[in-house]
Amino acid sequence: MARPPLIPEQRRQEILRHLQHAHVLSYRQLTELLSVSHMTIRRDIIALEKQGSVEATPGGAKIVTRLLREPDRTEKAVTDQAGKAAMARAAAGMVADSMTIYLDAGTTIQAVRPFLDEARDLTVVSNDLATVTDFIDHPGVDLICVGGRVETANRSTSGRLATLALRELSLDIAFLSSSSWDVRHGVTTPVEAKIDVKRAALAAATTSVLVAGSAKFGRFARYRALRLDEIHKIITDDRLDDEAAAEIIAAGPHLIRVSTDAT
């Protein structure tokens, strides 16, 4: 049976996967790898370039390893929805009733909400305004919104006030997010105000879990927030290759690669 054609988002994730290995590929190589037209590949490269994931070159594209800015929330919301749901399901599976958990800012961790419908006596702490809104009507959740300076583009809070609030809490699990992570640089961010918030959540938690897609692996930004060996577990998708997985495991964290077909 022939493989069904990929939808645009799946195809773009495949482009990123190939570029992570080769770093630079021509349009011809990409059309052959994905069995689609030249114009389809060009449209995909334009979309990925707007997200800041790739850079168009004469006749092709190359992967962008240095993250200069955080993608806008609206850009993140439409990216790799199946992968996010699969990772979110795995994260929710670690949560038990009566826990206190931290949900870091980002659409991947926000996707945990539907998988916690049955949770009871759960305390949810978050600096993500969209995530807080999603939990407002949950009858089994005591909700704590971490204050601080509002980052309007990402609908989250950061800075000293957010950090001080987290230092006063005791968390069972901190679910952390990142738009860029790798073995050498760890979890990085182009936004300095996010560093202390992530470090405060890490310090307050018994268990720390990074939830980040493989498309973000191999990228790095100006500021390092966390080393990988400081994190207990990492949840990512099964598009992360075996070589990268081995490097991550050697660095210390327990790695969980979830199937994007699991949803």
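**Helix α1**

Helix α1, residues 8-22, comprises 15 residues and spans 21 Å between its first and last C-alpha, close to the expected 21 Å (1.5 Å times one less than the number of residues). This is a predicted model, in which local features need pLDDT of at least 70, side-chain atom pairs count only at pLDDT 80 or more, and totals for chains, interfaces and linings use all residues. Residues are numbered from 1 along each chain as its sequence is written, and side-chain values use heavy atoms, without hydrogens or water. Helices (H or I, at least four residues) and strands (E, at least two) are DSSP runs numbered from the N terminus.

His23 follows α1 and has a positive phi, near 70 degrees.

**Packing of α2 and α3**

The axes of α2 and α3, lines fitted to C-alpha atoms over the stretch in contact, come within 9 Å and cross at roughly 105 degrees. The two helices are therefore roughly perpendicular (65 to 115 degrees between N-to-C directions, on a scale from 0 to 180). Tyr27, Leu30 and Thr31 of α2 contact His38, Ile41, Arg42 and Ile45 of α3 (heavy atoms within 4.5 Å).

**The three-stranded sheet**

An open sheet has the order β10-β11-β13 with antiparallel pairing, where pairing requires at least two DSSP bridges. β10 (181-182) and β13 (223-226) each have a single partner strand, so one side of each lacks a neighbour in the sheet. Trp181 has Val187 of β11 as its bridge partner.

Note on methods:
Angles under 35 degrees count as roughly parallel, over 145 as roughly antiparallel, 65 to 115 as roughly perpendicular and the rest as oblique.
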